[in-house]
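Visitor: Hi, I have a structure open and could use a hand reading it. Can we go through it together?

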Amino acid sequence: MAQDSSKPAFWESRYRDKIIPWDAGKVPAALRDFEPVIARGARILIPGCGSGYEAAYLAGRGFDVLAIDFSPAAVAAARKNLGALADIVRLADFFDFASGPPFDVIYERAFLCALPRKMWGGYSDRCAELLKPEGVIAGFFFFADSLKGPPFGTSPAELDALFKPQFERVDDRPVADSIQVFTGKERWQVWRKPQKP
Ligand SMILES: C[S@@+](CC[C@H](N)C(=O)[O-])C[C@H]1O[C@@H](n2cnc3c(N)ncnc32)[C@H](O)[C@@H]1O
């Protein structure tokens, strides 16, 4: 099995073999709680969308959703889950795709922690580039000090150092319905890009 999680082959073999322990098989409660505060019609990016449960949920609520993944098998799974809305899922690399107009929300679940740490600065910069002023990264962040991954854990100080130059944290709360791999180790956070840098 491929060992470099920065490459599509790593994820492709796991989706093909259905070894996907991160897959929640559901829409997390914290996203359902957050949904009412998202402006109607907002443009939402879901990077590393995997099986696409949240894409289906948010698109079904009328948001303008673009869900991307660079694993063809993940995209196929997401498109199957989305049925008539399958067109919102695109095979694309988060770091290099034609994104169109800027986004109001980037939804994060198990994407940052899927990336080797050396790519995290690029993640933060790319989110800042893709979001409108006052747009947010909203989602789940994995806190653990394990050196090996994925999932690659972070610490509150490390996440602050990563995001605070470009974002301000506007929400931070525990998560009640984590799946086993993340239980007790993830928090829901929202990071806002300021109006002016
Ligand atoms: C741990 S899985 C999480 C999937 C999904 N977010 C979930 O919660 O089930 C990480 C996903 O990110 C995708 N991925 C990793 N790097 C990517 C990149 N640079 N661009 C797009 N997708 C990427 C993988 O193919 C995989 O589907």
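**Around the ligand**

Visitor: Which residues come nearest to the ligand?
Guide: W11, G48, G50, S71 and A110 come nearest, out of 20 residues around the ligand. A residue gets on that list if its C-beta atom, placed from the backbone, lies within 6 Å of the molecule.

Visitor: How should I read the numbers and the model?
Guide: Residues are numbered from 1 along each chain as its sequence is written. This is a predicted model, where local features need pLDDT of at least 70, side-chain atom pairs count only at pLDDT 80 or more, and totals for chains, interfaces and linings use all residues.

Visitor: OK, and what classes of residue make up the shell around the ligand?
Guide: The shell has 12 nonpolar, four polar and four charged residues. Ala, Val, Leu, Ile, Met, Phe, Trp, Tyr, Cys and Pro count as nonpolar, Asp, Glu, Lys and Arg as charged, and the others, Gly among them, as polar.

Visitor: You listed A110. Where is A110 found?
Guide: In the loop between β4 (103-108) and α5 (120-130). Helices (H or I, at least four residues) and strands (E, at least two) are DSSP runs, numbered from the N terminus. A110 has a positive phi, near 55°, and is a residue other than glycine.

Visitor: Is A110 buried or exposed?
Guide: Buried, because 21 other C-beta atoms lie within 10 Å. The cut-offs are 20 or more for buried, 12 or fewer for exposed and partly exposed in between, counting other C-beta atoms within 10 Å, all placed from the backbone.

Visitor: What about K18, buried or exposed?
Guide: K18 counts as exposed because it has 9 C-beta neighbours inside 10 Å. K18 also has a positive phi, about 60°, though it is not a glycine, and sits in the loop between α1 and α2 (29-34).

Visitor: New topic: which residues have the most contacts inside the largest nonpolar core?
Guide: I44, A55, V65, A67, A78 and I106, in a core of 53 residues. Such a core is a set of buried Ala, Val, Leu, Ile, Met, Phe, Trp, Tyr and Cys residues joined through C-beta atoms within 7 Å. Strand β5 (residues 131-142) gives the largest share, seven residues.

Visitor: Last one: where are the cis peptide bonds?
Guide: One joins G149 and P150, with omega about -5°. Another joins P150 and P151, with omega about 5°. P150 is in the loop between β5 and α6 (156-163), and P151 is found in the loop between β5 and α6.
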